[in-house]
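Open the structure in your viewer and keep the selection tool at hand. This tour goes from one stop to the next.

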Amino acid sequence: MESLIATAAADPAFAGFKLQSYGSLLLPDHPIRFGFQVDIVPSNCPSSILFGLVSRDPVNGESAKTSGFAVRVDLEMREVWDVLNGSGLVGWVEHPLGLAGFTDEEPLLLGWEIEYHGHALIPKLIVADQQWLYPAIQCPHPIVIETIVGWAGECEQDPRGIFLHPALWREQLPVFNEQEPEAMAA
């Protein structure tokens, strides 16, 4: 399967970012919960990083728009900005010690957790110990979701030294049969 990174990189939402992927997931025809997470140590990072789960509509080819969920984390201002869905400023990275509170021993967690039901993707963004709910989006089936990380400007480090412990995961959600309550009553 060809990576979506090459085509997503042309999307204006990602202008100025160098992009990398840590894998992809083909969504099945049943409900699942899936997610992607990485740790970062802000003092080891460029000042602006990107983090998300994206897809491209395969029917529209080159004219396809990138969809999914991605945020830009401005580490100088500690701001978290939506870059794909027009939500603007999402929030701030909070810690009593500021960004210096995130170290190799206690890195800053960036995570997306998404529930997939029918044709809806229902997301939750996790930054450190904060969580933000995002509006759901519709998606066609079948769809491939790809992890994406990025950084703006020059980065002298290997990205594997910036984006630590990447994990793409999935779990099947229980499917409830409408007949079950009657069977239980009998």
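The stops below cover the whole protein and then its aromatic pairs.

**Before you start.** This is a predicted model, where local features need pLDDT of at least 70, side-chain atom pairs count only at pLDDT 80 or more, and totals for chains, interfaces and linings use all residues. Residues are numbered from 1 along each chain as its sequence is written, and side-chain values use heavy atoms, with hydrogens and water left out.

**Whole protein.** Show the cartoon. There are 2 helices and 13 strands (DSSP runs numbered from the N terminus: helices are H or I, at least four residues; strands are E, at least two). Of the 186 residues, 45% are buried (under 20% relative accessible area, 1.4 Å probe, protein chains only).

**Aromatic pairs.** The whole structure holds 6 of them. Rings of Phe, Tyr and Trp (its six-membered ring) pair if their centres lie within 6.5 Å; planes under 30 degrees apart are stacked, over 60 edge-to-face, the rest tilted.

**Select Phe-36 and Phe-51.** The ring centres are 5.2 Å apart and the planes meet at 20 degrees, so this pair is stacked. Phe-36 sits in strand E3 (residues 32-40) and Phe-51 in strand E4 (residues 48-56), 15 residues apart. Phe-36 is buried at 0% relative accessible area; Phe-51 is buried at 1%.

**Select Trp-151 and Phe-163.** How is this pair arranged? It is tilted, 6.4 Å centre to centre, with 40 degrees between the planes. Trp-151 lies in strand E12 (residues 144-152), while Phe-163 is in the loop between E12 and strand E13 (164-172), so the pair ties together parts 12 residues apart in sequence. Both Trp-151 and Phe-163 are buried.

Terms used: Buried means under 20% relative accessible area, exposed over 50%, partly exposed in between (1.4 Å probe, protein chains only).
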